[in-house]
Amino acid sequence: MTQTQEPVIFDQGTVDRANALVARYPVPRSALLPMLHLVQSVEGYVSQAGIAFCAERLDLTTAEVSAVATFYTMYKRRPCGEHLVSVCTNTLCAALGGDAIYAKLREHLGSEGRPLGHEETSGEPGTPGSITLEHAECLAACDLGPVLQVNYEFYDNQTPEKALELVQRLQTGEKPAPTRGAALTDFRQAELQLAGFFEGRDAADLDGPSAAPETVRGAKIAADRGFTAPAMPDNAEFPPLPEKK
Ligand code: FES
């Protein structure tokens, strides 16, 4: 009788990286967040096998790892596409056009008259040109809204037309330059970087523009007008807290 061999999901390279993560912290369990990104970089999501892999190496139960993996939205429970497109639909971006951008992309990426849903994928997950779409809460770039991210890199001041063109280019294999930050890769490579591993990336790729003029406009106006903040006192008195009833 021949025994069927389980396919190896996490190869020796992944095990070595996991060990390197554990070695970075005083206690193994502190490595959980980067290790979840590591397993996500292998499979494009956090699978049950990924949860077991983390639990085994960090001396945690699978229930404890699952509790963390299901709490944070950056850990995906279904396989993602080559690219993850996150459209900010929080208040400011929504009012400036984020809702219209999201609706446009849902319609474009859907099929048979059904718009694509939140965290659904157009195309076979992981294959070239496949896109997972999600709506996101505030991406901390309100001064540049409406914004979207591809694999967590920013594309600022979007319109439905600009966003559609961007996604169409991603689907044909192009990697248009983000407005700020590092050059675009793909979702799995971005996850490897979030785990703290930058193999195969040139320093030049990672060193993109960061502060946008809009972000520093207030500081510039203050500097031009000679405004300064009062010095912090050495011993600041805190106001008394109201009594709890
Ligand atoms: S509301 Fe969209 S970045 Fe803040």
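**The sheet.** I began with the open sheet: five strands in the order E2-E3-E1-E4-E5, with mixed pairing. Here two strands pair if DSSP finds at least two bridges between them. Helices (H or I, at least four residues) and strands (E, at least two) are DSSP runs, numbered from the N terminus. Strand E2 (120-122) and strand E5 (153-155) are at the edges with a single partner strand each, so one side of each has no neighbour in the sheet. On average, neighbouring strands are turned by 30° against each other, direction ignored.

A note on the source: this is a predicted model, where local features need pLDDT of at least 70 and side-chain atom pairs count only at pLDDT 80 or more, while totals for chains, interfaces and linings use all residues. Residues are numbered from 1 along each chain as its sequence is written.

**Inside the sheet.** I then looked up strand E1 (residues 83-88) and strand E4 (residues 148-150), which pair in the antiparallel sense over three bridges. Ser86 has Gln149 of E4 as its bridge partner.

**Helices on the sheet.** Helix H5 (residues 91-109) packs on the sheet and touches E1, E2, strand E3 (131-136) and E4. The direction of H5 makes about 145° with that of E1. Axes are lines fitted to C-alpha atoms, for helices over the stretch in contact, and angles run from 0 to 180 degrees between N-to-C directions. For contact, the C-beta atoms of two residues, placed from the backbone, must lie within 7 Å. Helix H6 (residues 160-171) lies across E1, E3, E4 and E5 and runs at about 150° to E3.

**H1 and H2.** Next I checked helix H1 (residues 12-23) against helix H2 (residues 32-43): they pack at about 165°, with axes 10 Å apart. That makes H1 roughly antiparallel to H2 (angles over 145 degrees count as such). My list for the contact has Thr14, Arg17, Ala18 and Leu21 from H1, and Pro34, Met35, Leu38 and Val42 from H2. By class, I have six nonpolar residues, one polar and one charged. Ala, Val, Leu, Ile, Met, Phe, Trp, Tyr, Cys and Pro count as nonpolar, Asp, Glu, Lys and Arg as charged, and the others, Gly among them, as polar.

**H2 and H7.** H2 also meets helix H7 (residues 187-194); their axes come within 8 Å and cross at roughly 160°. H2 is thus roughly antiparallel to H7. His37, Gln40 and Ser41 of H2 make this contact with Arg188, Glu191, Leu192 and Leu194 of H7. The classes here are two nonpolar, three polar and two charged residues.

Gly145 and Pro146 are joined by a cis peptide bond, with omega about -5°; Pro146 is in the loop between E3 and E4.

Asp59 is not a glycine, yet its phi is positive, about 55°. I found Asp59 in the loop between helix H3 (48-58) and helix H4 (62-69). Is Asp59 buried or exposed? Asp59 is exposed, with 11 other C-beta atoms within 10 Å. The cut-offs, with C-beta atoms placed from the backbone, are 20 or more others within 10 Å for buried, 12 or fewer for exposed, and partly exposed in between.

Glu119 also has a positive phi, near 60°, and is in the loop between H5 and E2. Glu119 is partly exposed, with 16 other C-beta atoms within 10 Å.

Note on methods. Parallel < 35°, antiparallel > 145°, perpendicular 65-115°, else oblique.
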